[in-house]
Amino acid sequence: MNDRRDGDKHDPPFPSDGGDGDGDSSLDGPTPSSSDGVGSDAPHGDGVDPDGSSEQSQENTETAISGQRSDSTATASTGGTDSDSDVPPPSENPVRWFLNTRNGSVLLFKDIASSIAIVAVIGLVLFTISGVWPPLVAIESGSMEPHMQKGDLVFLMENERLASSEAVAAGVVTHEVGQQTGYTKFGDYGDVIIFRPDGQERTPIIHRAHLYVEEGENWYDRADGDHLQADSCDDLTSCPAPHDGFVTKGDNPTTNQHYDQDNRYQIVKPEWVEGTAEVRVPYLGCIRLEFSGAASCRP
């Protein structure tokens, strides 16, 4: 009987249990490697490290993974493909270049143009609703205080559009009629109208319509004496009324105590009326006044 010691390099390997009993299949056949699937000709216990090929394969795999991670990091840092790589030069396709370029000057131009377009669309919508251009006016003075302030932005409506059933003419309800019916706008009776004084092409006036008079009428007797400096119709240049129209006045009790037609403006013809005031937005008109130079909201 042979004395067999484990690990003795001179001893033959154990026979395979899966053979035909003669041990031929295990004596000379290569031992499969569990790491890379490539056979190794070195038998176990012959002094050669059986894991060498496995370590080499693992090292190669780790190197490949490291390279993949580097590629992934580079891709993530640049956001994938360069967004400008698909942008043609302006000489080749100027429209596509303009739409897709990241050029700073072009982006600034687009921002400005889009802002102007938005304002234009809003203005068009407001014009469609109001029927008046411009549909917004800025208050330049304090003649309508305390109900309207200097710097307010006021939305106008064409005076005969959606007119009240209480309107006496041209879609306007006067202060006189408002007192009788209870119709109010901006804290007092009657409509506030925007009109061209004496029909001239100049800055419109925004005041309240107090009376509607007819041509040849002596309207002095209908007027509120507290708003007149004259003692009779003869003392007024617009009395008797030279034509049909409105007698107007600002709401400010300090600066506008008297009618505009108390030797200042003519009776306002209906065709001189550009619209009625509907909504005011405080302070927003200051921007327009500052840029136009017409007035300033600063004290």
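What pattern does the protein follow when read along the sequence? The pattern is α-α-α-α-β-β-α-β-β-β-β-β-β-α, given by 6 helices and 8 strands. The structure is a predicted model, in which local features need pLDDT of at least 70 and side-chain atom pairs count only at pLDDT 80 or more, while totals for chains, interfaces and linings use all residues. Residues are numbered from 1 along each chain as its sequence is written, and side-chain values use heavy atoms, with hydrogens and water left out.

Of the 299 residues, 31% count as buried, where buried denotes under 20% relative accessible area, exposed over 50%, and partly exposed in between (1.4 Å probe, protein chains only). The protein exposes about 18900 Å², of which carbon and sulfur atoms supply 51%; areas come from the Shrake-Rupley method with a 1.4 Å probe, and for residues only the protein chains shown count as cover.

Helix α6 has Gly285, Cys286 and Leu289 as its buried residues. Viewed down the helix axis, these residues fall within an arc of 100°, so they line one face of α6; the arc is that of the directions from the helix axis to the C-beta atoms. Their cover includes β1 (136–138) and β2 (153–157).

The structure holds 2 disulfides, each defined as a pair of cysteine sulfur atoms within 2.5 Å. Cysteine 286 is joined to cysteine 297, with the sulfur atoms 2.1 Å apart. This pair connects helix α6, which holds cysteine 286, to the segment after α6, which holds cysteine 297, 11 residues apart. Cysteine 286 is buried because its relative accessible area is 14%, whereas cysteine 297, at 28%, is partly exposed. The other link joins cysteine 233 to cysteine 239 (S to S 1.9 Å), and both of these cysteines are buried. The link of cysteine 233 and cysteine 239 is left-handed, with -110° about the S-S bond; that of cysteine 286 and cysteine 297 is left-handed, with -100°.

A nonpolar surface patch of about 500 Å² is formed by Val279, Val281, Leu284, Ile287 and Phe291. Two or more of its residues come from each of β8 (273–281) and α6 (285–292).

Note on methods:
Patches are made of residues with over 30% relative accessible area and no salt bridge: like charges are joined within 9 Å, nonpolar side chains (Val, Leu, Ile, Met, Phe, Trp, Tyr) within 5 Å. A salt bridge is a side-chain nitrogen of Lys or Arg within 4 Å of a carboxyl oxygen of Asp or Glu. Helices (H or I, at least four residues) and strands (E, at least two) are DSSP runs, numbered from the N terminus. Contact means heavy atoms within 4.5 Å.
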